[in-house]
Each structure stands twice: as C-alpha cells, then as structure tokens.
Amino acid sequence: MWRRRTLAISLACIPRTLTRRRALRVGIACLIGVLSLMWAHGSLTVSVAATSTATPLGVGQNFGGRLVTAANQLRISPKVATTAGDALVAIVEVRRNSGLTTVSNISDGSGDVWFRATSVHNGTEDEELWYVAVAQSIPTSGKITIKTALSGAIAATVVELQGIATGASLDVTATSSGVSASPSIGPSAATIDANEIAIGDTGWRGSVTPSGQSGGYTLLPRQQSTVSGEGTGESAGVEVLSATGAQSFADVLSASVAWTGVIATFAPMPVGADDVA
C-alpha cells in the first residue's frame, strides 16, 4: 500500500540520493578512463609490431658428412643446435657402380618432414636437393638421416637458412650434368623476389678439388666420400641475392670428370611476418 512520506523524511533522503549519484558518476568516469588507457596501450602495441622487420636472410651454419664404406644411409649432426623455425637444405651426391640408386628418404630426430626440390642423374651418379622450410630445432646430439634405395657412396652438405618464407619458400631450380673440368648449371627461370638465397652445388665422380665457383657465391667445405671403387663428392656455394633474374652456378674442378649440378633459390619471409602483436 502506497503511503505519503512526511516532508522531514523526504528531505533526509536527498543527501543519500545525491551521494549515490555522485558515486555512480565517479565510477563511470573511472571506467571510461581505464578503457581509454587500455585502448591506447593496444594501439601502441600494434604500431610497434607493424614497423618491425623480418629476420634478415642469412646462413646460420653448414655441416656435412660422407661415407667411407658403402651403405644405404648417412647420418650427420649439426655443429651447434639448429634454430627452430629456420630452413634446412640438404644437397646429396650418391654413386653406385652397379646401377643407379637414388635418395629414398631424409628424416631427422626432431620429426621434420623433408621434401625433394630437384634431382639430376649422370650415369650411375645421382644428385638431389631436399629441404624443410620451417624446421624444428635439432640438437648436436640429433641426427639427420639420408637413406638411399641401394647401398653405395654418399656425400652430403646441410645448410641452415635464416629469414626464409614459411609458406612457398622454394622459388626456382635448375639442374645439369656432363663430363668436364668446368661444370655449369643454369640459367634458371627468373626469381620472383629480389632478395632471395641461392644455393648451387656440383657433384662429381671420383675425387677432385673445386676451386673456382661463380662470383658472389660463398664456398662451403667439400664433402668427399672415399668408398673403395665408388668415390664421389660434392661442394656447395651460397649467395644472398639483391635483384630478380635467372640464376646460374659454375665451378672449376682439378680434373675432367663426370659431374652433376643443381641450383635452387629460396624466397624471404615477408616484412612483419615473424612479428608478434
């Protein structure tokens, strides 16, 4: 039942009503201030991320191995632990006198899935280039295992690349083979991006010493398999490109031999692609 309040009671309620309204207004003002600060902080975070750059292109390390007795697998370990997220590229030279054998699989102890980029044959010699665009870290105690269909001689180099695209990283490839002391591979198709990394490699029958790789390429250590009667080896070079165009790779060997050669380029990570907002 509704009852009329006395004037004294009504007047007594006014201060309490004003106090509640003032508190409500203060609370709303504080909430707006907090939200404004949060919005401003979020804007600053996005702005910083947008202006940072991707990991620079480069070579983290290279390591390799070779067989001294015929087998159907070669296991090699990095000199230092590889960095998670870097690309790994393996160039493999295989020789078997009694018929051709090829690389059947490459795996590592960190569970990466390796893909064949290209390959070339010359008689019973086989050269192949495999890669992982985004690899897990492999410790020095870990192994990269290269397996071939049949037993033979194997020599291989692995290159760790930094700043490579996590998606379609492989751009162009080219292969060649012949018999001479001056192997030459390419030209490939034109690269898509000006800033890519090119890896070229020459493989050979027997035992020779490379000495004159194409200008611009950094020579990596030779890997020479000394399997009796099936000697074979390979030597790679790496170059960070600065312009688009067809790519080639050449070498000078200490003797005229049967040789194989491959070249591949890898695209860079887009600017900002490795940033965290």
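Residues are numbered from 1 along each chain as its sequence is written, and side-chain values use heavy atoms, without hydrogens and water. Because the model is predicted, local features need pLDDT of at least 70 and side-chain atom pairs count only at pLDDT 80 or more, while totals for chains, interfaces and linings use all residues.

Start with the whole chain. One helix and 15 strands make it up. Both are DSSP runs, numbered from the N terminus: helices are H or I with at least four residues, strands are E with at least two. The chain has 277 residues, and 43% of them count as buried. Buried means under 20% relative accessible area, exposed means over 50%, and partly exposed lies in between (1.4 Å probe, protein chains only). The chain exposes about 13600 Å², with carbon and sulfur atoms supplying 58%. Such areas come from the Shrake-Rupley method with a 1.4 Å probe; for residues, only the protein chains shown count as cover.

Now look at contacts, meaning heavy atoms within 4.5 Å. Among contacts with a separation of 6 or more, 81% join residues 24 or more positions apart.

Next comes the interior. A nonpolar core is a set of buried Ala, Val, Leu, Ile, Met, Phe, Trp, Tyr and Cys residues joined through side-chain atoms within 4.5 Å. The largest one holds 22 residues. Val92, Val103, Ile106, Trp114 and Ile144 touch the most other members. Strands S2 (71-76), S3 (87-95), S4 (103-108), S6 and S7 (144-162) each give two or more residues to this core. S7 gives the most, with six. Take Ile106: beyond its neighbours within four places in sequence, its contacts include Val92, Trp114 and Ile144. A second, separate core has 18 residues, among them Val89 and Ile164.

Finally, the rings. Rings of Phe, Tyr and Trp (its six-membered ring) pair if their centres lie within 6.5 Å; planes under 30 degrees apart count as stacked, over 60 as edge-to-face and the rest as tilted. This gives three aromatic pairs. Phe115 and Tyr131 form a tilted pair, 6.3 Å centre to centre with 45 degrees between the planes. Phe115 lies in strand S5 (residues 115-122) and Tyr131 in strand S6 (residues 125-132), so the pair ties together parts 16 residues apart in sequence. Phe115 is partly exposed, at 49%, whereas Tyr131 is buried, at 14%.

Tyr131 also pairs edge-to-face with Phe266, at 5.5 Å and 65 degrees. Phe266 lies in strand S15 (residues 257-266), so this pair ties together parts 135 residues apart in sequence.
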